[in-house]
Amino acid sequence: MSRSHPCSCAVMSCVDENFYCFVCGKNWKLSLAEVTSFLQTHDHKFEVHEISRTFFTFKTDVPLNPTIIDALGGILKIAKVATFVPTQQLADAFVKEDKQAKLQLKNSLPLDVLASKMPQASSGKAVFGVSVYWAETPFPFNKLAHTVHRFLGSSLKDELKAQDKKTRFMGFPRRREHPHLTAVEVLKKGLVEDNAEILLCIGKNKTAIANTVAVHNPFEFQKRDVEKPVQRKIFAIPPRIAKIVVNLSHCTADKVFLDPFCGVGTILQEALLARAKVIGVDLNRWCVDAARRNLSWIEREYSLEDANFAVLQGDARHLTSKLREPIDCIATEPDLGPALRQVPTEAYAVKLVNKLKPLFGDFLSEAYHVLRENGYLVVVAPFVKTRAGKPVTMNLQEMALKVGFKIVKPLQTVFFTQDSSAAPSLKELSTFVDVDEHHKIGREIHILQKIKV
Ligand SMILES: C[S@@+](CC[C@H](N)C(=O)[O-])C[C@H]1O[C@@H](n2cnc3c(N)ncnc32)[C@H](O)[C@@H]1O
């Protein structure tokens, strides 16, 4: 029988407000910086309630449009919170294995509300799924996540049966380490449209039960990566990181956006999708033609009416003579050094980085000149791994300060509630590293702003 959900005792809040869980990609700090910059740039007021390596919980002033997921590079799912329950209650039920606590938990979940939102299958059985994410808590949820997953799945199944809905609970392949449905699984089964993926996001103090309202579409990123007319594997930035740097530069529709080391135009593509007026510059004639072809392809593929772009052959060390209008935002990845076969020695890494310094130095002063006041520059600098283990980086911040830039700490102006307890160290973050296991040279992402003194 269907129960009505009592807004009482164990349930911390029946959430009428706009609470959202953002499931992030593997570089969680970069994802957090991206989402907060994006929301600020788009004039959303928000508070950060929970931070973990797998998800964040935000409260926003107005409901979010789920399609914002397509404008973000570092977010995998967005889910609207239905209810919070105390994490201690889950710990009692699953760590202490207290039967009474389990029953109480079941009673306090809004199963009736969640089930009533799922449609009746027109034929056969409607599919639903559950994904469990967890923060670093004192409780061993990493070991218990599959148990929690089965509990929520079967509780929902009971409720759906009580509502006369024929359903199938989506399981996982045996060897799946974490009980998360992938974005592809959610997309293929149409779970977002059917309100049929439920997330349990276990936070330090509060656990959110949420409905997935958007998943990122990996096929779109893949398409932009491997189906664009001209590709250059070695030096191209992945589209996902390209989107993140565009968002960190506070790029929005109608702003004038520049990538002065544009290569085949991967960053420009993402800025064009953000509806900015896009300008690319590259020293290499072949890259200029390639970027033009790729941008025209994006314009057609995504039916961008009024797409506005230009790609010029030129030297990023002499931008002033090349550009006719002030620039609102720049995001760019200059030369990061040669492709290395092996992790270098520290001495060789220092040599590589020192060789690049004049290029970065000259570019920084030109960027300062062409940027409008308050404009942002996001620049990727090399992060060279070494055999001794200590990476070698460029003292880019020092160079930028000399030119007149302010170093931006993107999480400094964000409001973190007490639950988001890692906040103080995050607020001081001014660079973000993106490096994979197989990389010899990774990316150190800097955010700078031209502030008139
Ligand atoms: C790392 S690649 C950029 C890759 C680009 N983000 C992409 O996805 O294709 C650096 C680019 O900077 C260009 N470049 C090198 N020195 C330059 C300079 N002084 N001015 C302008 N472009 C330059 C190179 O031709 C190369 O295409």
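A polar side-chain atom of Asp282 lies 2.7 Å from an oxygen atom of the ligand, a polar contact being a pair of N or O atoms within 3.5 Å, where within protein one must be able to donate a hydrogen and the other to accept it, and residues adjacent in sequence count only if both atoms are side-chain atoms. This is a predicted model, in which local features need pLDDT of at least 70 and side-chain atom pairs count only at pLDDT 80 or more, while totals for chains, interfaces and linings use all residues. Residues are numbered from 1 along each chain as its sequence is written, and side-chain values use heavy atoms, with hydrogens and water left out.

| Residue | Protein atom | Ligand atom | Distance |
|---|---|---|---|
| Asp282 | polar side-chain atom | oxygen | 2.7 Å |
| Asp315 | polar side-chain atom | nitrogen | 2.9 Å |
| Ile237 | backbone N or O atom | oxygen | 3.2 Å |

Of the 610 Å² of accessible area that the ligand has on its own, the protein covers 92%, with areas taken from the Shrake-Rupley method with a 1.4 Å probe (for residues, only the protein chains shown count as cover). Around the ligand there are 23 residues, of which Val264, Thr266, Asp282, Asp315 and Ala316 come nearest; a residue is near a molecule or strand if one of its heavy atoms lies within 4 Å of it. The shell divides into 12 nonpolar, five polar and six charged residues, where Ala, Val, Leu, Ile, Met, Phe, Trp, Tyr, Cys and Pro count as nonpolar, Asp, Glu, Lys and Arg as charged, and the others, Gly among them, as polar.

The whole structure holds two cavities of 30 Å³ or more, a cavity being a set of points, on a 1 Å grid over the protein atoms alone, where a 1.4 Å probe fits but cannot get out, with lining residues having an atom within 4 Å of a point. The largest has a volume of about 60 Å³, and its lining, which includes His49, Glu50, Lys206 and Asp419, has four nonpolar, three polar and three charged residues. The second largest cavity contains about 40 Å³ of space and is lined by Leu90, Leu105, Leu109, Val148, Phe151, Leu152 and Leu200, a lining of seven nonpolar, no polar and no charged residues.

Along its principal axes, the C-alpha trace of the protein chain spans about 75 × 45 × 45 Å.

Technical notes
On a 1 Å grid over the protein atoms alone, a cavity is a set of points where a 1.4 Å probe fits but cannot get out, and a pocket is an open set with protein on both sides within 12 Å along at least five of seven lines; lining residues have an atom within 4 Å of a point. Grid points are joined across faces, edges and corners, and a volume is the space filled by probe spheres set on the points.
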